[in-house]
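Morning, everyone. Please have a look at the model on the screen. I'll talk about charged side chains.

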Amino acid sequence: MKRIGVTGHRSLPDEVIAHVEDGLRAVLDGHDGPLEALSSLAEGADQLFADIALQCGADLTVVIPSADYEATFGGGEPLAGFHRLRELASQEVRLDFARSTDEAYYAAGTFIADSCDRLVAVWDGLPARGHGGTGEIVAYARALGKPVTVLWRTGVVRD
């Protein structure tokens, strides 16, 4: 089974979304044999990846960083997306952190990088804004020798 994981920004500018969706479909669609997609289902890139992976017939494995992770969504559409995608998941991995801290996010990101054959990064190319951020997980995956596919539009800046 081929395993593809995701890391990416929670906030995606409108100008990048169509480009990222096309890139995700190109990476996830048309695989021979079974495909497993790994995501923490955070708002933004993680949920977009999970949705497209399911549309492409992948099995979804959800990596939950902490016991209080659900509370970090604060309600609305991101929380509804988290619940919907979690229900559609084939498997759930729960990490042993009580609280959603940078360390818990780093552990979830490195778990995904360790577990996948390829990492997809919805990333603007800038350094991580905190421990466990996208840039740090990309560097970790590259240090492991994992192939990393970066999806972003040149010239687009996130807030």
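Start with a network: salt bridges link Glu70, Arg86, Glu92 and Arg94. A salt bridge here is a side-chain nitrogen of Lys or Arg within 4 Å of a carboxyl oxygen of Asp or Glu. This is a predicted model, where local features need pLDDT of at least 70, side-chain atom pairs count only at pLDDT 80 or more, and totals for chains, interfaces and linings use all residues. Side-chain values use heavy atoms, without hydrogens and water, and residues are numbered from 1 along each chain as its sequence is written.

How many salt bridges does the structure hold? Six.

Take Glu36 and Arg3. Their closest N and O atoms are 2.6 Å apart. Glu36 sits in strand β2 (residues 35-39) and Arg3 in strand β1 (residues 2-8), so this pair links distant parts of the chain, 33 residues apart. Strands (E, at least two residues) and helices (H or I, at least four) are DSSP runs, numbered from the N terminus.

Buried or partly exposed? Buried means under 20% relative accessible area, exposed over 50%, partly exposed in between, with a 1.4 Å probe and protein chains only. Glu36 counts as buried because its relative accessibility is 6%. Arg3, at 27%, counts as partly exposed.

Next, Arg84 and Asp51. Here the closest N and O atoms are 2.9 Å apart. Arg84 is partly exposed at 39%. Asp51 is partly exposed too, at 24%.

Last pair: Asp124 and Arg158 form a salt bridge, 2.9 Å from N to O. Both residues are buried.
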